[in-house]
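Thanks for passing this one along. Here are my notes as numbered points, with the cut-offs spelled out where a term comes up.

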Amino acid sequence: SAISDCPHYTPNWTSQGKLVIRNYNIKKGRLDLSTKYYTDEETFKDRIKRHAPEPGDLIITREAPMGEVCLIPESVECCLGQRMVLIKPDPKKVNNKYLLYTLLSEYVQNQIQKSNTSGSIVSNLCIPDLEQLNIPILSLPEQDRIADILSSLDTKISLNNRINAELEQMARTLYNYWFVQFDFPISAPQ
């Protein structure tokens, strides 16, 4: 329903306040808030005056890197940093998760990479090029099914990654106790 470019000025950075999404926060289709950036209330209001990012909207990076995309999750109030575009999907026409996965697809990513004709060292995705992307649109029920399947797979992958990280941490801890500190578990004599 809307495609909005971010304001073209650097936000007034603060140590706390309103959340600003930057290119660094968007990785492989996910919003990564392990590092957060903030601005003051006045700057925030100015940056959302055209369109306020809402849960379910998509953010795509215009450069550095170009074409990274994520979905704004529930309960995240934010504004966009520089070099980003807000996409507000029309729910009557497209499932927002389907659109996310389509934008992440090799088919669309190739279009995004080919759209860079700036001649600059830094790739740049222009709004007219973004609006001209060929997005395969299926019926809403088909989009819903595809989005549900891919979403379920993403959830399983995330869970497996967390389990693997915990197992790796446990293995490091055991290695440290047994082979660095020589603190072997010794069974008590019976």
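**Notes on the model**

1. Glu-63 is buried, with a relative accessible area of 17%; buried stands for under 20% relative accessible area, exposed for over 50%, and partly exposed for what lies in between, using a 1.4 Å probe and protein chains only. The side chain of Glu-63 meets that of Arg-83 in a salt bridge at 3.7 Å, N to O, where a salt bridge is a side-chain nitrogen of Lys or Arg within 4 Å of a carboxyl oxygen of Asp or Glu. The two residues are 20 apart in a link between distant parts of the chain: Glu-63 sits in the loop between strand 7 and strand 8, and Arg-83 in the loop between strand 9 and strand 10. Arg-83 is partly exposed, at 30% relative accessible area.

2. A word on the basis of all this: the model is predicted, local features need pLDDT of at least 70, side-chain atom pairs count only at pLDDT 80 or more, and totals for chains, interfaces and linings use all residues. Residues are numbered from 1 along each chain as its sequence is written, and side-chain values use heavy atoms, with hydrogens and water left out.

3. How many salt bridges does a search of the whole structure find? The search gives nine. One of them joins the side chains of Glu-77 and Lys-18 at 3.0 Å, N to O. Glu-77 lies in the loop between strand 8 and strand 9 and Lys-18 in strand 3 (residues 18-21), so this pair ties together parts 59 residues apart in sequence. Glu-77 is partly exposed, with a relative accessible area of 48%.

4. Another salt bridge brings together the side chains of Lys-88 and Asp-57, at 2.5 Å, N to O. Lys-88 belongs to strand 10 and Asp-57 to the loop between helix 1 (41-47) and strand 7, so to speak distant parts of the chain, 31 residues apart. Helices (H or I, at least four residues) and strands (E, at least two) are DSSP runs, numbered from the N terminus.

5. Four strands form an open sheet in the order 2-6-3-9, with mixed pairing; two strands count as paired if DSSP finds at least two bridges between them. Strand 2 (13-14) and strand 9 (78-80) are the edge strands, each pairing on one side only. Strand 2 pairs with strand 6 (residues 37-39) in the antiparallel sense over two bridges, and Thr-14 stands opposite Tyr-38 there.

6. Strand 3 also pairs with strand 6 in the antiparallel sense, over three bridges, and Leu-19 stands opposite Tyr-38 of strand 6. Towards strand 9, strand 3 runs parallel, joined by three bridges, with Ile-21 opposite Leu-80. Lys-18 and Val-20 point one way from strand 3, Leu-19 and Ile-21 the other way, and all are buried.

7. Which residues have the most contacts inside the largest nonpolar core? They are Leu-58, Ile-60 and Leu-103, in a core of 20 residues. A nonpolar core here is a set of buried Ala, Val, Leu, Ile, Met, Phe, Trp, Tyr and Cys residues joined through side-chain atoms within 4.5 Å. At least two residues of this core come from each of strand 7 (58-61), strand 8 (69-71), strand 10 (84-88), helix 2 (96-104), helix 3 (106-114) and helix 4 (127-131). Helix 2 gives the largest share, four residues. A second, separate core has 13 residues, including Cys-6, Leu-19, Ile-26 and Leu-86.

8. Thr-43 has its place in helix 1 and is buried, at 11% relative accessible area. Leaving out residues up to four places away in sequence, Thr-43 touches Tyr-9, Pro-11 and Asn-12, contact being heavy atoms within 4.5 Å.

9. Leu-174, in helix 5 (residues 140-180), counts as partly exposed at 41% relative accessibility.
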